[in-house]
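I opened the model today to look up a few residues and then the chain as a whole. My entries follow in the order I made them.

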Amino acid sequence: MAKNTTATILERGATLRRLWTYLLPAMRKQRSLVAGGFAALLLDVVLRALEPWPLKFLFDRAFHGPRRGKWSDFADLGNVDSSALIVYAGLALLAIAAARAVAAYASTMTFVRIGNRVLTEVRADVYRHLQGLSLAFHRKARNGELVLRIMGDVNLLKDVVVTAALPLLANFLVLIGMFGVMFWLNARLASLALLVLPLVGVWTMRLGGKIRDTARKQRKRDAGLAAAAAETFSAIQIVQALCLEGWFAANFLRRNQESNNSDFKGARLSAALERSTAFFVAAGLAAVVWYGATLVLRGELTPGELLVFMAYLKTALRPVQDLSKFTGRLAKATAAGERILNLLHTRSEVRDLPSARPAPTLRGAIRFDDVSFAYEPGRPILEALDFEARPGQRVALVGPSGIGKSTIVNLLLRFYDPSGGRILFDGVEAREYTLASLRAQVGVVLQDTVLFAASVRENIAFGTVEATPQEVEAAARLANAHDFICSLPQGYDTVLGERGLTLSGGQRQRIAIARAAIRRAPILVLDEPATGLDRENERMVLEALERLSAGRTTILITHDPLAAARADQILFLDRGRVRERGSHDDLMRAGGHYAHVYLRHHPTVEPTAFRLACNGKE
Ligand code: ATP
């Protein structure tokens, strides 16, 4: 048990130290507020220390006439009569209470402000960090859980820093000071009172460890609950279509119940700790009253002095009681803080090298040089992949499903780094450039376009920092999107996405094309951009893509042999390697896999004719 307790203390100490180190820079920025908050708190405590004195004078002077106790020299009130003393004492009590109210209000508000400012920074930090983490991390993480960390965990930390941690820290300093004064007042009484502390300390650590374990488990369960809810809502269409509501509801209910049980267990332990601590403190006070009363009866202490001592003891023991009261919340906050820190210490597998420099405007030459890659060790997806795209060339990646076509694009955009080999842009290895500057030079149109909850104009202009309305319109025209945008209720200012208008698949793709067009990037990645569209929409999207890809190095992933046939170079992939490469005519002449797939789909159609049809020249 002792071993366990020691381990718990060390572990908790380490977590709190990590948290403190992390929060310190943000706290430092609030230096003057922290000083102000502590000053107000100190004033509150000093006033609390003054509070029993009017009563002491009432007891020792007004009720019994002038008596000389040990501390009577403090305030020689001369010949003040009893009735005046009662009035003065009442007024003094009132004045102290009013001043205390002001000081306590000031300290609370200051701590709230510090907590808000510091934790707002923490939240922004966590958000920024999460955004920068690699795709590998995000593919494994559950969105609901991440949102819970940014919102719930940070809030919990804020709440506790404001309402518990800072006041507790200050009050512990007060405890030390108060015991100092109490020893000066009466060493024997103070020693007796001091016995309470180790008793409460050991008890708090024992139960506190259990509370912390429960809090940890509960935060984990809450995260699972949030993730489950987020997954259901993000896939609500398929959930409803497959009538899975009942299954998901039962799953949610089970997790909810587990979280509830943990919460109850935590609350039960906290209540037990709080009540038992209150009992220990009361027992300590009773012992002091008993011994103090004996001293009063012996004439070694005045009743007023005992009153003052008791008041001090109560003030001194307050943080001890507060600690037990806040242990549950502190435990939850420590668990939350631990999770936040773990998240912040997660390093992105893909990041800028210290020597990385911004990429200049690229011409668009791409080379995969002996590239190999595996998402998971032992399951290679690409092996010794070699290919080259000249500036302005269109390269189509074709091959069976799950062969690694999208993986090539992921590597190109540096969502992942290859496990072997190099990827070169204009002859320079990708890792020598900063991620942001490289990605800024690649326009992307994927199969599923995500529109943000913003206006059409903003959705298009997301592709570039400052786009003029004319540029947005030009991009929309290129993307065959201008006409349908004009027919929307507020044209370019129509709000899309969440709570806004929803567009059809083809319209979304055309917005994505406009988004890519406005970037004027020399490289274009198209990952099955026209899959799943009806003929008319497909025609419009392909036509727009034809215009968009003109003069840009284009990497096209497609299952449509007709679309692939229009490329300058076709790479037929199989088992992580390029099985066949060349133009459509070369590959048809070779009569390999590509020719076989092409003829199976389109025994009669000529690709060149299709291209002209797309351009509207036929
Ligand atoms: P499709 O034509 O069906 O879109 P694809 O050729 O684009 O397929 P990829 O998406 O590149 O194939 O996937 C290649 C392989 O890598 C697949 O076997 C897939 O299961 C695996 N894979 C893809 N993403 C991940 C990931 N994040 N973690 C682990 N394995 C992955």
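I started with the exposure of Cys-243. Its relative accessible area is 61%, which is over the 50% cut-off, so I noted Cys-243 as exposed. The model is a predicted one, and I read every value below as computed from it.

I then placed Cys-243 in the chain. Cys-243 sits in the loop that runs between helix 9 (236-241) and helix 10 (245-297). I checked its backbone too: phi of Cys-243 is positive, about 55°, although the residue is not a glycine.

I looked up Arg-414 next, as another residue with a positive phi. Arg-414 is not a glycine either, and its phi is near 55°. I found Arg-414 in a loop as well, between helix 12 (405-412) and strand 4 (420-425). Is Arg-414 buried or exposed? The relative accessible area of Arg-414 is 2%, under the 20% cut-off, so I put it down as buried.

I located Ala-544 in helix 18, which covers residues 535-549. Its relative accessible area is 0%, so Ala-544 counts as buried.

Which residues does Ala-544 touch, leaving out those up to four places away in sequence? I listed Leu-478, Ala-479, Asn-480 and Ile-513.

I moved on to the whole chain. I counted 22 helices and ten strands in its secondary structure. The radius of gyration is 36 Å, while the globule rule gives 25 Å for 618 residues, so I recorded the chain as more spread out than a compact globule. Along the principal axes, the C-alpha atoms fill a box of roughly 120 × 55 × 55 Å.

The domain assignment gives domain 1 as 16-344 and domain 2 as 366-441 + 521-614. I noted 61 Å between the C-alpha centres of domain 1 and domain 2.

For burial, I found that 46% of the 618 residues count as buried. For contacts, I took those between residues at least 6 apart in sequence, and 78% of them join residues at least 24 apart.

The chain has 78 positive and 58 negative charges, and I have their mean positions down as 8 Å apart.

How values were computed. Residues numbered from 1 in each chain as written. Predicted model: local features only at pLDDT ≥ 70, side-chain atom pairs only at ≥ 80, totals over all residues. Heavy atoms only, no water. Helix = DSSP H or I, 4+ residues; strand = E, 2+ residues; numbered from the N terminus. Rg over C-alpha atoms; globule rule 2.2 N^0.38 Å. Buried < 20%, exposed > 50% of the residue type's maximum accessible area, 1.4 Å probe, protein only. Contact = heavy atoms within 4.5 Å. Lys, Arg positive; Asp, Glu negative; His and termini not counted. Charge placed at Lys NZ, Arg CZ, Asp CG, Glu CD. Domains from an automatic or database assignment.
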